[in-house]
Amino acid sequence: MTLAVRYTSARTLDTAPAAASEPGPGEVELAPAYVGICGTDLHIFHGDMDARVAAPAVLGHEMAGRVVRVGPGAEGWRPGDAVTVMPLRWDGTCPACRAGHQHVCQHLDFIGIDSPGAMQQRWTVPASTLIRLPGTLPLDQAALVEPTAVAVHDVGRAAVKDGEKVVVVGGGPVGILIALVARAAGAEVRVVELNAHRRLLAEELGLTAWDPATADVTELVQRWTGEAGADVAFEVSGAAGGVDTAVDVLGVRGRLCLVAIHPRPREINLHRFFWRELTLVGARLYERGDFERAVTLVADGTISAQRLITKIVPLTEAPAAFEALESGGDVMKILVDCTDDAQGAAV
């Protein structure tokens, strides 16, 4: 028997035995090494997604690990291969899939939400979801490939170009990753973030960060851009004020990329969209090319993955890690160590 972290009800997680399943045709059994806790996992923990998540549910979709067993027909993989998983399973038949947009399949199975996730010691997934990792990339850092792929997709959706001025509203893990990916694309970037710890981390990564509580961000952008306004803004805060800031900083024909999940409708200044011919674009999940690009960015050090990891906890301490993350403060990214060795006598 192996161990798994399970969501059982609002604000309740447990660590329970789980039977490893034999990989079937086209499947691969993995030994997850490290699994990141993300904002979606916190939404599940709070009970906000009970209409979608069937408890008890194994969480986790930001991961890196190794192949353990290979099922029939899963060609090209062998035990010991280092991998991450693009946790999407689509039907291939809906209108979105037929149009080539499988990542937003209208019947999408997001693995780790709609089906069992990675926060367990053995995990069986379709071989089609695997992304190969370079052998030189530490697996803890590779656990940040999935959120980096989100950032790569977001920057691509916003069509960020060399020399453009970009404002990222919200300096959490995804916001920082967007800023780093945009910078790698040649953009000049500013991060807007209330939390002092996150601003400090952004500065340590070579980014400029502004505190909206003590400065007029719109005025700062006007000075920075010679009164032209920003070319692109990313709304990553999930707050009404963040939406206002992201709209207000944009110049003529600026692009607003909506990244954060807003659980309720927001008021938005449509006159600003009319007056400056702004564009609003949504960005959801990622495609395989985004994942492959993310692997390169993490492996070559463009993304300082190690700097974003606040701490690593054993699987048995995952419930406490969720509580630490929801408290905010000085926490950025927490990884759960799912390796057998990390659990010791608990296994």
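The model is predicted, so local features need pLDDT of at least 70 and side-chain atom pairs count only at pLDDT 80 or more, while totals for chains, interfaces and linings use all residues. Residues are numbered from 1 along each chain as its sequence is written, and side-chain values use heavy atoms, with hydrogens and water left out.

**Salt bridges**

- A salt bridge here is a side-chain nitrogen of Lys or Arg within 4 Å of a carboxyl oxygen of Asp or Glu, and the count by this rule is 18.
- Helices (H or I, at least four residues) and strands (E, at least two) are DSSP runs, numbered from the N terminus.
- Asp14 and Arg6 join their side chains in a salt bridge with an N to O distance of 2.8 Å. Asp14 is partly exposed at 23% relative accessible area, and Arg6 is partly exposed at 25%.
- Asp81 and Arg132 form another salt bridge, at 3.4 Å from N to O. Asp81 sits in the loop between strand 5 (62–70) and strand 6 (82–85) and Arg132 in strand 10 (residues 130–132), so this pair ties together parts that are 51 residues apart in sequence. Asp81 is buried, at 11% relative accessible area, whereas Arg132 is partly exposed at 43%.
- Arg89 and Asp109 make a salt bridge at 2.1 Å, N to O. Arg89 belongs to strand 7 (residues 88–89) and Asp109 to strand 8 (residues 109–110), so the pair ties together parts that are 20 residues apart in sequence. Arg89 is partly exposed, with a relative accessible area of 33%, while Asp109 is buried at 14%.
- Salt bridges with shared partners also link Glu22, Glu29, Arg69, Arg122 and Asp340 into one network.

**Around Asp109**

- Contact means heavy atoms within 4.5 Å. Not counting residues up to four places away in sequence, Asp109 touches Pro87, Leu88, Arg89, Asp114 and Ser115.
- The side chains of Asp109 and Ser115 are also joined by a polar contact of 2.9 Å. A polar contact is a pair of N or O atoms within 3.5 Å; within protein, one must be able to donate a hydrogen and the other to accept it, and residues adjacent in sequence count only if both atoms are side-chain atoms.

**Other buried residues**

- Thr2 lies in strand 1 (residues 2–9) and is buried, at 12% relative accessibility. Setting aside residues up to four places away in sequence, Thr2 touches Ala16, Pro17, Ala18, Gln121 and Arg122.
- Asp41 is part of helix 1 (residues 39–45). Asp41 is buried yet has no salt bridge, and the nearest side chain of opposite charge, Lys333, is 6.9 Å away. For charge, Lys and Arg count as positive and Asp and Glu as negative; His and the chain ends are not counted.
- Beyond its neighbours within four places in sequence, Asp41 is in contact with Gly36, Leu59, Gly60, His61 and Phe322.
- In helix 8 (residues 240–248), the buried residues are Gly242, Val243, Thr245, Ala246 and Val247. These buried residues of helix 8 pack against strand 11 (165–169), helix 7 (217–224), strand 14 (230–235), strand 15 and helix 9 (270–276).

**Strand 15 and the surface**

- Val252 is in strand 15 and is exposed, at 64% relative accessibility.
- Apart from neighbours within four places in sequence, Val252 is in contact with Ala228 and Arg276. Val252 and Glu277 are 25 residues apart in sequence, with 6.2 Å between their C-alpha atoms.
- Leu258 is also in strand 15 (residues 250–258) and is partly exposed, at 32% relative accessibility.

How values were computed. Buried means under 20% relative accessible area, exposed over 50%, partly exposed in between (1.4 Å probe, protein chains only).
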